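Work through the exercises below with the sequence and the 3D structure open. Each task is followed by a solution in steps.

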Amino acid sequence: MTHPAIDIDAVARLRRQLGRPEPALRAVEPATSGAASPAATTLAGRARSVAGRLAAPVVERARQELARAAAHEQAALRADLADLRAELDRTRTAHAAELAALHEQVRGRS
Amino acid sequence: MSAVLALAATPTTARRAIGLLSVVGLGTEVVSWHRAFAATDPQPTAVLATSPDVLDELPDVPTAVWVDDREGLRRALAHDAEVAISTSPDLVDHGAIPVPRWGVEVARWPVLPPVARALHRRQLGLPEDLVVAVDHPVATDDIVTVLALAAAAVVSGPLLPLALALGTPVVTGPETARRFGLQAGIEVEVASGPAAADRAARALAAYDHGAAALSRRGRRFAERHLDLGRPAELVRQRLGLVSSVAAGPPGRLLARLDELATPPDARIRSRADAALAPFTPSERMIAP
């Protein structure tokens with residue numbers, strides 16, 4: 001099965017340049033044909049490919065920006081979480097210390 | 001599982017350990033020795049004893065003991081206690097770790113100089129010359145906020161170390177200043193009576209340079225003389241208590257499992273142990 005990320009047109013072009021016969025790769029091309037003619041399918045595929053190539057840098061940039069913005073927010077949330085954990089740990093330890101002292105006091109009185 | 005630190009105390013000395021124990025015990029499970037271990041076989045990782053009188057009852061585990069005099073220090077040495085703790089400066093020369101009688105974990109609190117306080121007050125729409133009086137015995141969230149925002153504060157209770165750690169310009173009574181070893185006009189302003197203290201605090205709030213100097217020197221005093229963090233770290237080291245943070249990712253993972261009250265025989269613990277095996281140094285790696 002063809003990986004969806006493989007540009008079938010580019011593969012075919014490369015094969016032509018290398019003098020290799022057209023493989024059965026076309027046969028496993030995603031089933032976009034349906035009732036459409038082979039010429040139309042090829043045209044649609046080429047149009048999609050060109051559009052994809054043109055949009056790729058923009059999509060990549062948008063993805064990077066989103067990742068960067070999310071990373072910043074994620075780091076802030078992680079820091080908040082660490083602070084809260086530390087505070088919880090302090091409170092828990094302080095309560096445990098109070099309780100331990102109380103038990104030691106009570107033992108002496110009983 | 002996390003380390004277990006037990007408090008062993010006499011009824012009259014139990015409470016004095018609470019402040020230090022709250023810091024030393026971070027990342028460990030803190031329990032009462034007589035309640036949890038006196039009659040049972042599994043022993044704690046370490047013990048904090050508040051008096052040499054309880055040393056005879058304790059098992060052979062790393063022990064820190066509070067001593068008040070040279071006789072107490074001698075008994076601690078005779079029992080091979082790992083570390084002696086004292087509030088008495090005389091015993092520090094003989095190896096005891098000094099602990100402030102009333103202390104605060106200074107590193108926990110940010111220092112807020114008067115300039116930063118004024119900025120926060122403006123942002124929050126609070127009065128420019130916010131002066132407060134605090135005699136509360138416990139540091140609640142609202143008290144901490146008030147001390148962090150005030151232009152000056154009259155502090156007469158046990159929260160004085162916290163106020164100094166936060167860099168609050170403080171006015172206090174002569175008795176409190178003497179008890180903490182604070183010098184009038186250097187680390188705090190001193191005034192007798194509520195009316196005089198209030199006047200002094202208002203004058204201090206209006207005098208930017210004076211308030212800034214007091215804030216700075218007060219924080220420094222807290223770092224040098226009222227910090228529980230430093231002695232607590234020394235005690236932890238001597239008792240062999242390693243914090244989960246210092247133990248790295250494996251320690252953090254085990255701490256989270258403890259936090260979730262994961263049973264010792266839970267499958268996830270064995271899976272965590274297996275996953276952490278590469279992080280655990282083998283004897284071959286430790287050996288020279």
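This is a predicted model: local features need pLDDT of at least 70, side-chain atom pairs count only at pLDDT 80 or more; totals for chains, interfaces and linings use all residues.

**Exercise 1. Decide whether B:Ala76 is buried or exposed, and list its contacts beyond four places in sequence.**

Solution. 
Step 1. Locate the residue: B:Ala76 belongs to helix H3 (residues 70-78) of chain B.
Step 2. Count neighbours. B:Ala76 has 26 C-beta neighbours inside 10 Å. The cut-off for buried is 20 or more, so B:Ala76 counts as buried.
Step 3. Leave aside neighbours within four places in sequence; B:Ala76 then contacts B:Pro52, B:Val65, B:Val67, B:Ala81 and B:Ala84. Two residues from Exercise 1, B:Val65 and B:Ala84, are in that list.
Step 4. For a distance, take B:Ala64, 12 residues from B:Ala76 along the chain: the two C-alpha atoms are 8.7 Å apart.

**Exercise 2. Describe the sheet that contains E7, E8, E9 and E10 of chain B, and what lies across it.**

Solution. 
Step 1. The four strands form an open sheet in the order E7-E8-E9-E10 (chain B), with parallel pairing. Strand E7 (131-134) and strand E10 (189-190) of chain B are the edge strands, each pairing on one side only.
Step 2. E7(B) runs parallel to strand E8 (residues 152-155) of chain B, with four bridges between them. One point to locate is B:Val131, whose bridge partner in E8(B) is B:Ala152.
Step 3. Across E7, E8, strand E9 (170-172) and E10 of chain B lies helix H9 (residues 194-206) of chain B, at about 155 degrees to E8(B).
Step 4. Take B:Ala153 next. Beyond four places in sequence, its contacts include B:Val132, B:Val134, B:Val170 and B:Ala201.
Step 5. The largest nonpolar core has 83 residues, and B:Ala152, B:Ala153 and B:Ala201 are among those that touch the most other members. In soluble globular proteins, nonpolar side chains tend to be buried together.

**Exercise 3. Work out how H12(B) and H13(B) are oriented to each other, and which residues meet.**

Solution. 
Step 1. The axes of helix H12 (residues 248-259) and helix H13 (residues 267-276) of chain B come within 11 Å and cross at roughly 175 degrees.
Step 2. Angles over 145 degrees count as roughly antiparallel, so H12(B) and H13(B) are roughly antiparallel.
Step 3. B:Pro250, B:Leu253 and B:Leu257 in H12(B) meet B:Ile268, B:Arg269, B:Ala272 and B:Leu276 in H13(B).
Step 4. Sorted by class, this contact has six nonpolar residues, no polar and one charged.

**Exercise 4. Characterise chain A and its side of the contact with chain B.**

Solution. 
Step 1. Chain A has two helices and zero strands. Of its 110 residues, 5% are buried.
Step 2. The contact takes 15 residues from chain A and 18 residues from chain B. On the chain A side these are five nonpolar, four polar and six charged.

Terms used:
Residues are numbered from 1 along each chain as its sequence is written. Chains are lettered from A and ligands numbered from 1 in the order in which they are written. A residue is buried if 20 or more other C-beta atoms lie within 10 Å of its own, exposed if 12 or fewer, and partly exposed in between; C-beta atoms are placed from the backbone. Two residues are in contact if their C-beta atoms, placed from the backbone, lie within 7 Å. A nonpolar core is a set of buried Ala, Val, Leu, Ile, Met, Phe, Trp, Tyr and Cys residues joined through C-beta atoms within 7 Å. Ala, Val, Leu, Ile, Met, Phe, Trp, Tyr, Cys and Pro count as nonpolar, Asp, Glu, Lys and Arg as charged, and the others, Gly among them, as polar. Axes are lines fitted to C-alpha atoms, for helices over the stretch in contact, and angles run from 0 to 180 degrees between N-to-C directions. Angles under 35 degrees count as roughly parallel, over 145 as roughly antiparallel, 65 to 115 as roughly perpendicular and the rest as oblique. Two strands pair if DSSP finds at least two bridges between them.
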